[in-house]
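Student: I have a model open and want to learn how to read it. Where do we begin?

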Amino acid sequence: MAGRSVPTHAANNSPRACPTCQGTGGHTITTRSNGKTAQSWQRCDDCKGTGTQGGGI
Ligand SMILES: [Zn+2]
């Protein structure tokens with residue numbers, strides 16, 4: 001009777017925080033026009049705004 005063998009060689013493929021945006025998915029940029037200040041969200045291009053990277057690197 002062979003017991004269940006759990007594979008221990010599973011690749012560490014879990015998503016991890018994107019090093020570029022520290023897992024935030026992007027950053028806020030401040031633009032000024034006509035004396036007004038506006039903030040907009042700049043999506044991180046490395047993780048496509050997901051904040052995580054995993055697999056396929
Ligand atoms: Zn990112």
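Student: Which residues does Cys 44 touch, not counting residues up to four places away in sequence?

Tutor: Bear in mind that this model is predicted. Contacts here rest on C-beta atoms within 7 Å. By that test, Cys 44 touches Cys 18, Thr 20, Cys 21, Gly 25, Gly 26 and Gly 49.

Student: Is Cys 44 buried or exposed?

Tutor: Count C-beta neighbours; 20 or more within 10 Å make a residue buried. Cys 44 has 20 C-beta neighbours inside 10 Å, so Cys 44 counts as buried. Buried residues make up 9% of the 57 residues in the protein chain.

Student: Where does Cys 44 lie in the chain?

Tutor: Look for the flanking elements. Cys 44 lies in a loop, with β3 (36-43) on one side and β4 (52-53) on the other. From the N terminus, the order of elements is β-β-β-β. The protein chain has 4 strands and 0 helices.

Student: How many bridges join β2 to β3?

Tutor: Read the pairing as bridges between strands. Strand β2 (residues 26-33) is joined to β3 by 8 bridges, and the two run antiparallel. One of the pairs is Ser 33 with Lys 36 in β3.

Student: Which residue takes a positive phi in the hairpin of β2 and β3?

Tutor: Check the residues between the strands. There are 2 in this hairpin, and Asn 34 has a positive phi near 55°.

Student: What share of contacts between residues at least 6 apart in sequence joins residues at least 24 apart?

Tutor: Sort such contacts by sequence separation. In the protein chain, the share is 55%.

Notes: Residues numbered from 1 in each chain as written. Predicted model: local features only at pLDDT ≥ 70, side-chain atom pairs only at ≥ 80, totals over all residues. Buried ≥ 20, exposed ≤ 12 C-beta atoms within 10 Å, placed from the backbone. Contact = placed C-beta atoms within 7 Å. Pairing = 2+ DSSP bridges.
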